[in-house]
Amino acid sequence: MSREIVVRNYRIGDLEDIKEILSEYPSPTGRVWSENMVEEMMSDALREQPGGVFVAAMSGKIVGFAIVMYRDWFNIAYLDYIQVKTDQINKGVGHRLIEKCVNWAREKSARMIYTETGKNNERAIKFYQRHGFKITGYIPDYYQKGLDAVILVNKLS
Ligand SMILES: CC(C)(COP(=O)(O)OP(=O)(O)OC[C@H]1O[C@@H](n2cnc3c(N)ncnc32)[C@H](O)[C@@H]1OP(=O)(O)O)[C@@H](O)C(=O)NCCC(=O)NCCS
């Protein structure tokens with residue numbers, strides 16, 4: 001039986017779970033996440049967009065998170081981060097998180113939501129494409145030398 005996935009806004013007490021999730025993958029630049037890096041990333045996100053930091057929970061345990069930003073002056077949304085705990089992938093957690101971010105961007109009346117990921121991250125690219133994002137370009141050596149970023153855009157209007 002599949003367990004219910006609840007997506008809600010981030011709370012201070014979620015930080016340790018997010019550290020655990022991030023520690024399961026190298027950061028996009030190839031560096032291992034240090035506690036300081038995670039704390040800095042989360043405090044930057046919460047300062048810039050407190051309403052755009054979401055977590056997904058299953059049976060009360062945090063199994064994924066997403067950060068989305070809305071640029072009012074530009075009327076666009078940027079999906080900054082989405083990650084699911086390795087032992088919970090392929091269960092619809094990412095789907096629920098990205099759906100939340102896209103709906104949140106729609107509620108803001110954003111014209112589009114965009115993101116980027118590593119050119120070698122086939123799983124993420126397919127995942128974004130299944131959720132209406134289209135590849136519009138590349139940024140060479142974006143993450144590190146030899147690792148380009150793929151830019152993906154979902155036009156909302
Ligand atoms: C990319 C990522 C966020 C996707 O999250 P996810 O939770 O695995 O995504 P979903 O489960 O919603 O979708 C993945 C697959 O599970 C399937 N699925 C969806 N709901 C499901 C459910 N309830 N039960 C079983 N499978 C399900 C989907 O159909 C999809 O299958 P498909 O590939 O055959 O189409 C996740 O793999 C991840 O964290 N990757 C590492 C970090 C990363 O690359 N982040 C993004 C770029 S920076």
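Author: Helices and strands are DSSP runs, at least four residues of H or I for a helix and at least two of E for a strand, numbered from the N terminus. The model is a predicted one.

Reader: With that settled, where does S59 lie?

Author: S59 lies in the loop between β2 and β3.

Reader: What is the phi of S59?

Author: Phi of S59 is near 50°, a positive value in a residue other than glycine. Most residues other than glycine have a negative phi. N75 also has a positive phi, near 60°, and is likewise not a glycine. N75 lies in the loop between β3 and β4.

Reader: Why is N120 called exposed?

Author: N120 has 12 other C-beta atoms within 10 Å. N120 is placed in the loop between β5 and α4 (122-130). Its C-alpha atom is 8.8 Å from that of A149, 29 residues away along the chain.

Reader: Which residues of the largest nonpolar core touch the most other members?

Author: They are F54, A66, V68, L97, C101 and A105, out of 29 residues in that core. Two or more residues each come from α1 (15-23), β2 (53-58), β3 (61-71), β4 (76-84) and α3 (93-107). The most come from β3, with 7 residues. In soluble globular proteins, nonpolar side chains tend to be buried together. Leaving aside neighbours within four places, L97 is in contact with V7, F54, A56, G64, A66 and I82.

Reader: How do you know that the buried residues of α1 line one face of the helix?

Author: The buried residues of α1 are I18, I21 and L22. Viewed down the helix axis, the buried residues of α1 fall within an arc of 95°, so they line one face. An α-helix has 3.6 residues a turn, so residues three or four places apart point the same way. On the other side of α1, E16 and E20 are exposed. The buried residues of α1 are covered by elements including α2 (35-48), β3 and β4.

Reader: What shows that β4 and strand β5 are joined?

Author: Strands pair when DSSP finds at least two bridges between them. β4 and β5 (residues 112-118) have 2 bridges and run parallel. Y78 stands opposite Y114 in β5. With α3, these strands form a right-handed β-α-β unit.

Reader: How many bridges join β5 to strand β7?

Author: There are 7, and β5 runs antiparallel to β7 (residues 147-155). Within this pair, T115 has L152 as its bridge partner, and T117 stands opposite V150.

Reader: And how many bridges join strand β6 to β7?

Author: β6 (residues 134-144) and β7 share 6 bridges, again antiparallel. G137 stands opposite I151 in β7. The hairpin of β6 and β7 has 2 residues between the strands, and G146 in this hairpin has a positive phi near 90°.

Reader: Last, which residues are closest to the ligand?

Author: The closest are I89, G92, G94, H95 and A124, among 18 residues that surround the ligand. Being counted near takes a C-beta atom within 6 Å. The elements giving two or more residues to this shell are β4, α3 and α4. Of these, α4 supplies the largest share, 4 residues.

How values were computed:
Residues are numbered from 1 along each chain as its sequence is written. This is a predicted model: local features need pLDDT of at least 70, side-chain atom pairs count only at pLDDT 80 or more; totals for chains, interfaces and linings use all residues. A nonpolar core is a set of buried Ala, Val, Leu, Ile, Met, Phe, Trp, Tyr and Cys residues joined through C-beta atoms within 7 Å. A residue is buried if 20 or more other C-beta atoms lie within 10 Å of its own, exposed if 12 or fewer, and partly exposed in between; C-beta atoms are placed from the backbone. Two residues are in contact if their C-beta atoms, placed from the backbone, lie within 7 Å. A crossover is right-handed if, with the strands pointing away from the viewer, the path from the first strand over the helix to the second runs clockwise. The arc is that of the directions from the helix axis to the C-beta atoms.
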